[in-house]
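Student: Could we go through this structure together? I would like to begin with a single residue and then move on to the whole chain.

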Amino acid sequence: MCGIVGYVGKRDCTKVLLDSLAKLEYRGYDSAGVAVFENSEIKVSKSKGRLLELKNKLENEGWIDGCCGIGHTRWATHGEPSDINSHPHGNRRVSIVHNGIIENYQKIKKFLEKKGYTFESQTDTETVAKLLDYYYDGDPMYAIRRVVAEIEGSYALGMVFKEFPNAVYAVRKDSPLIVGVGKDEAFVASDVPAILEYTKDYYLLERDEVVVLKNGKAEIFDIHGMKIEKELQTADFDLEAAEKGGYPHFMLKEINEQPNAVKTTVTPRITDGMPDLSECGLTPERLTRYKNIFVVACGTAMHAGLVGKYVIEQLARVPVTVDVASEFRYRDPILCDEDLVILVSQSGETADTREALRLSKERGADTLAIVNVKGSSIARAADMVIYTHAGPEISVASTKAYMVQISVFYLLAFELAYAKEKIDREECMRLTKQLLRMPDTINEVLQKSEQCKYIASKLVNAGNLLYIGRGLDYALSMEGSLKLKEISYIHSESYAAGELKHGTISLVTDGMPVIAVATQRKLYEKTFSNVEEVKSRGAMVIFVTHENIKADSKTVDYVIGLPSVDDILMPMPAVVPLQLIAYYTSVLKGNDVDKPRNLAKSVTVE
Ligand code: M6R
């Protein structure tokens, strides 16, 4: 939700800000703006729409020439996307960019109005800018301290003060911020890809720490102004990983990166053919202590948790509850110190998941984060962390992150099942071997891209469709349905196949597409009966199953045959055609695949 950047150095600041913002557009893309010092004045340019609109505006109306400034790409929370509501906000003395939500902004606004301030936007951010101006008496650190003491909510703020034309200030709480350091230049940014063109070295800014970029250097202070020395981090991926690399869209690139992502996530966690999660503190002794496991996450990450539930329960016989984080945090969950709460998040910054983590710790449960972004808030706050090594995921629609998240659940389930003596060593090694071979299996499925494209051509004009399955196939259908919805804008629902006749089957009419997933052989006959039920009501059936199963061609219209692995591992190959079908449907509809409307990659607000 919104990306912020700041730069101090010798380069063309406006260009650096625009280039860096382009790497953060996944965080929000409904408007953008910059504030850059030119001849010691703060010059602001902002525009509704994509970053390109801002660039065009700057090119047409006058580039801002300077070496120090801040920038923003927005995902609207307060106030529609418009030029006025775009960041930066402020006046001639101070200008700010903000990522997050200020919960008490109405109260602050009333206070400031009484002091004579007027407001032009509908944003919460403008109140922070004016509050900063109110407290600013020539000492930026003092003003920041006063503002931070008053505002409630989540924020990462980038700030410039007219009287300090060579400096950028930034502070954060609950929204991410990194501080990049190069030769004679320094940066702040919401995420590492923003700085990779210039440097791989960065510091992680913690809550209520203030960074000052000045003279090409970055100095970090606590909120009281005491200087802090921090450990320098080095990005473990390069710019290439955060670029399209010849693919038309990040989503397609990321779908194709799945074999490698699984390899780099799984291989280091295998010792002598057995899963080994001890690196994060999950020893067999610790694992077997847990009476209950909770998986808490949002969106696709939650769907990965659903696969985790089936797999852990089936193999290790430990009860697993999966919750949507925004529900979990308000449902007063019953937790104790014999419980393990697993938080799953690609970004590691999702506000609801972060709060669920805080609550779980408060209630005494052990917490384990399965996270992709190194050093992210959730990774840092959890008791234990397993990093998925998918590399940066830029497309708003998550694909490779899901794949690696479920691969971690398999490792966890195998290890737990073995530790609890539910499976023997031989079986554990056999399953682990299949997981290790999964990159090849996924590669095989990727060859079905053309077939998925053809099937997508049959879906483009659909108004509604259904995904059905049983057991693990049902869990997987949910992810297939979400993928299609978010990027193709076609309404779809995922249904437990056996539940259809309790109401939903009334929706099935002539030609309605139904994507039926049937990879669980012990449930195959049951699912197929449900497929027959929809077929006899006119559905167009797309059937996803093992390649050696021959489905009756009178019942199914299109079959996607998948290479066979153990049924329990089938979600890994089976999700690929669902991702590809969603991708091609979106492409054929002419949608902006990587930046679907109304969405943002990292949901850092509640
Ligand atoms: O960064 P996270 O994994 O915590 O994000 C969770 C969801 O916001 C995310 O998976 C979302 O549902 C994706 N757009 C789905 O493709």
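**A residue and its surroundings**

Tutor: I549 is buried, because its relative accessible area is 17% and buried means under 20%. Please keep in mind that this is a predicted model.

Student: Where does I549 lie?

Tutor: I549 sits in the loop between β26 (540–546) and β27 (558–562).

Student: Which residues is I549 in contact with, leaving aside its neighbours within four places in sequence?

Tutor: With those neighbours left aside, I549 is in contact with R521 and Y524.

Student: And how far apart are I549 and V559 in space?

Tutor: Their C-alpha atoms are 9.9 Å apart, and the two residues are 10 residues apart in sequence.

Student: Let us change topic. How many helices and strands does the protein chain have?

Tutor: The protein chain contains 19 helices and 27 strands.

Student: How does the radius of gyration compare with that of a compact globule? What is the value for the protein chain?

Tutor: A compact globule of 606 residues would have a radius of gyration near 25 Å, and the protein chain has 25 Å, so the two agree. Along its principal axes, the C-alpha trace spans about 75 × 55 × 45 Å.

Student: What percentage of the residues is buried?

Tutor: Of the 606 residues in the protein chain, 62% are buried. The accessible surface comes to about 22,900 Å², and carbon and sulfur atoms account for 47% of that surface.

Student: What about contacts along the chain? How much comes from residues 24 or more positions apart?

Tutor: Such residues account for 72% of the contacts in the protein chain that have a separation of 6 or more.

Student: On to helices. Which helix holds T432, and is T432 buried or exposed?

Tutor: T432 belongs to helix α14 (residues 425–436). With a relative accessible area of 1%, T432 is buried. Not counting residues up to four places away in sequence, T432 touches I270, G273, M274, P275 and F414.

Student: What about a strand? Where is R172?

Tutor: R172 lies in strand β8 (residues 167–173). It counts as buried, because its relative accessibility is 5%.

Student: Which residues are in contact with R172?

Tutor: Leaving aside neighbours within four places in sequence, the contacts of R172 include Y155, A156 and L177. Also among them are E206, R207, D208 and E209, as well as S377 and R380.

Student: Now the rings. How many aromatic pairs does the structure hold?

Tutor: The structure holds 15 aromatic pairs. One of these is the edge-to-face pair of F111 and Y134, at 5.3 Å centre to centre with 90 degrees between the planes. That pair links distant parts of the chain: F111 is in helix α3 (residues 105–114) and Y134 is in helix α4 (residues 125–135), 23 residues apart.

Student: Which residues do ring pairs link into a cluster?

Tutor: The cluster consists of F111, Y117, Y134 and Y135.

Student: Which residues does a cis peptide bond join here?

Tutor: A cis peptide bond joins H87 and P88, with omega at about 0 degrees. P88 is placed in the loop between β4 (68–74) and β5 (89–90).

Student: And what is the phi of N215?

Tutor: N215 is not a glycine, yet its phi is positive, at about 50 degrees. N215 lies in the loop between β12 (210–214) and β13 (217–221), and at 64% relative accessibility it counts as exposed.

Student: What about Y489, where is that?

Tutor: Y489 is in the loop between α17 (472–488) and β24 (491–496). Although Y489 is not a glycine, it has a positive phi of about 65 degrees. Y489 counts as partly exposed, at 25% relative accessibility.

Conventions: Residues numbered from 1 in each chain as written. Predicted model: local features only at pLDDT ≥ 70, side-chain atom pairs only at ≥ 80, totals over all residues. Heavy atoms only, no water. Helix = DSSP H or I, 4+ residues; strand = E, 2+ residues; numbered from the N terminus. Rg over C-alpha atoms; globule rule 2.2 N^0.38 Å. Buried < 20%, exposed > 50% of the residue type's maximum accessible area, 1.4 Å probe, protein only. Contact = heavy atoms within 4.5 Å. Areas by Shrake-Rupley, 256 points an atom, 1.4 Å probe, with all protein chains shown as cover. Phe/Tyr/Trp six-rings, centres within 6.5 Å; stacked < 30°, edge-to-face > 60°.
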